[in-house]
Amino acid sequence: MKKKDVALPDPIELRGFNRTLAEIEWLLLVLVLVYLVLPDEPVEQTLGIAAAIAVFAVFILGFRYLNLFTLPARWKLTIETWAMLAFTAFVVWHTGKVDSPLISLFLLVIVFSALTLGKLITLLEVALIASFYLFAAYTAAGTELFAYSTFSRLMLLFAPVALVAYVTSLIASDMSFSRTFVQRLSETDELTGLPNMRAFSVALARHKQAAVLRDRPFGVMMVDADNLKEVNDRYGHSVGNQVIRAVAEGIRRSIRSADLVARYGGDEFILLLPDTTEQAAHEAGERIRMMVASTLIDTGKDAVTTTVSIGYATYPSMATEVDDLMVRADEALYASKRAGRNRIFAFSEIAEMARAPHDDPDTRREPFG
Ligand SMILES: Nc1nc2c(ncn2[C@@H]2O[C@H](COP(=O)(O)OP(=O)(O)OP(=O)(O)O)[C@@H](O)[C@H]2O)c(=O)[nH]1
């Protein structure tokens with residue numbers, strides 16, 4: 001996994017960040033309020049700041065608690081951090097500009113953004129704060145600002161903002177890297193390296209929604225190794241594992257890049273075949289069946305071969321719900337096993353056979369009689 005794979009926060013994380021941001025916002029308000037009521041602190045425009053506190057409080061209440069906006073959560077958080085920046089800038093401006101004791105409040109925004117909103121937004125915010133520092137210093141010192149001693153003092157004042165942004169961004173990308181790594185581990189089957197059912201179920205549900213919207217067919221296919229118990233009993237569990245890996249590899253080599261295969265459990269695999277009709281699903285199953293049957297598995301002593309039985313159901317002709325598609329593909333797989341293994345059945349075939357009168361020689365199929 002490459003380190004640049006930085007994961008964006010998922011909805012559960014965003015909910016947590018949302019709560020944290022609410023606490024930071026109230027904390028910011030309380031700190032400014034406390035400063036305002038301290039005796040002997042130089043505050044220009046006490047009324048102005050009080051009004052800013054009121055406006056910011058109303059903004060938080062309206063934006064956050066009245067649910068007036070239905071923006072995606074990440075953008076909601078971004079807008080809130082920019083409102084915090086504007087509020088902080090206003091307060092700092094009226095409490096001593098770059099010499100304000102409240103100037104470190106900018107760090108609250110920077111730390112939060114770097115940890116949750118990504119490098120680009122943080123960089124933008126750092127640039128905004130830098131412009132504020134420059135402008136505030138310019139209004140106090142005029143062109144003197146660019147004298148060596150004044151400018152280097154300004155740089156020193158600004159350095160903590162840039163440093164905190166940089167270090168927090170590094171920590172955020174390390175955390176994101178670990179999160180992605182753990183997530184991949186939790187979604188990968190150890191033996192075959194294929195996605196596991198947790199990953200597959202999410203992909204299937206998502207694909208089904210898209211297929212409904214685009215009005216496209218798709219297939220769900222179950223593939224099960226034949227007689228693995230015999231292989232285990234005869235050659236041992238590790239050869240059984242080799243067989244499972246060989247079946248996984250055979251499937252992987254027979255499908256398109258748009259298809260998804262996952263280990264369902266034991267010696268059973270499940271596939272999602274996007275944009276696939278009944279006919280195309282049958283062809284895909286046949287490719288898999290032949291590929292696995294022609295694979296020689298080197299056990300060290302003997303070369304073992306195996307076969308697979310396959311069942312599938314297609315959306316929308318055989319089922320319209322994800323769970324039904326899986327159950328029906330499994331029923332079709334079971335029919336393949338009962339019919340003698342190393343074959344493929346569609347759910348529609350077994351449904352048809354079940355409906356067919358038992359004395360009709362054209363439709364009766366021995367194993368399901
Ligand atoms: N080596 C190995 N065996 C496994 C693994 N998971 C399940 N099995 C075994 O695989 C066998 C699968 O059993 P079934 O699928 O019910 O039966 P089968 O022997 O494959 O026969 P059919 O599926 O009816 O063709 C069982 O004996 C399990 O113990 C695994 O990860 N590695």
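Student: How should I read the way helix 3 (residues 73–93) and helix 5 (residues 119–141) pack, and at what angle do their axes cross?

Tutor: Two packed helices are described by the angle between their axes and by the distance between those axes. In this predicted model, the axes of helix 3 and helix 5 come within 12 Å and cross at roughly 15°. Angles under 35 degrees count as roughly parallel, and helix 3 and helix 5 are therefore roughly parallel to each other. Their crossing is right-handed.

Student: Which residues of helix 3 and helix 5 meet?

Tutor: On the side of helix 3 the contact involves R74, T78, T81, W82, L85, A89, V92 and W93, and these meet I121, L124, E125, L128, I129, F132, F135, A136 and T139 in helix 5. Sorted by class, the residues of this contact divide into 12 nonpolar, three polar and two charged.

Student: How do helix 4 (residues 106–116) and helix 6 (residues 148–186) cross?

Tutor: The axes of helix 4 and helix 6 come within 8 Å, and the crossing angle is roughly 25°, which makes helix 4 roughly parallel to helix 6. Helix 4 passes helix 6 in a right-handed crossing. From helix 4, the residues L107, I110, V111, A114 and L115 take part, and they meet P160, V161, V164, A165, T168, S169, A172 and M175 in helix 6. This contact of helix 4 with helix 6 has 11 nonpolar and two polar residues, with no charged residues.

Student: And helix 1 (residues 11–37) with helix 4: are they roughly parallel or antiparallel?

Tutor: Helix 1 and helix 4 pack at an angle of about 175°, and their axes are 11 Å apart. Angles over 145 degrees count as roughly antiparallel, and helix 1 and helix 4 are therefore roughly antiparallel to each other. Here F17, T20, L21, I24 and L28 in helix 1 meet L108, F112, L115 and T116 in helix 4. By class, the contact of helix 1 with helix 4 has seven nonpolar residues, two polar ones and no charged ones.

Student: Which residues does the "transmembrane region" annotation cover?

Tutor: An annotation comes from a record, and it can be set beside the computed structure. The unreviewed UniProt entry gives "transmembrane region" for residues 21–39, 45–65, 77–96, 102–121, 128–148 and 154–172. Over residues 45–65 the model is 95% helix and 0% strand, with the end C-alpha atoms 29 Å apart. Residues 102–121 are 70% helix and 0% strand, and their end C-alpha atoms lie 23 Å apart.

Student: Where are the cis peptide bond and the positive phi in the backbone?

Tutor: The cis peptide bond joins Y315 and P316, and its omega is about 0°. P316 is placed in the loop between strand 6 (308–315) and helix 11 (322–338). The positive phi belongs to D215, where the value is about 55° although this residue is not a glycine. D215 sits in the loop between helix 7 (197–214) and strand 1 (218–225).

Terms used. Residues numbered from 1 in each chain as written. Predicted model: local features only at pLDDT ≥ 70, side-chain atom pairs only at ≥ 80, totals over all residues. Heavy atoms only, no water. UniProt positions renumbered as here; feature names shortened; annotations may be inferred. Helix = DSSP H or I, 4+ residues; strand = E, 2+ residues; numbered from the N terminus. Axes fitted to C-alpha atoms, helices over the stretch in contact; angles between N-to-C directions. Parallel < 35°, antiparallel > 145°, perpendicular 65-115°, else oblique. Left-handed = near helix turned anticlockwise from the far one by under 90°. Contact = heavy atoms within 4.5 Å. Nonpolar A, V, L, I, M, F, W, Y, C, P; charged D, E, K, R; others polar.
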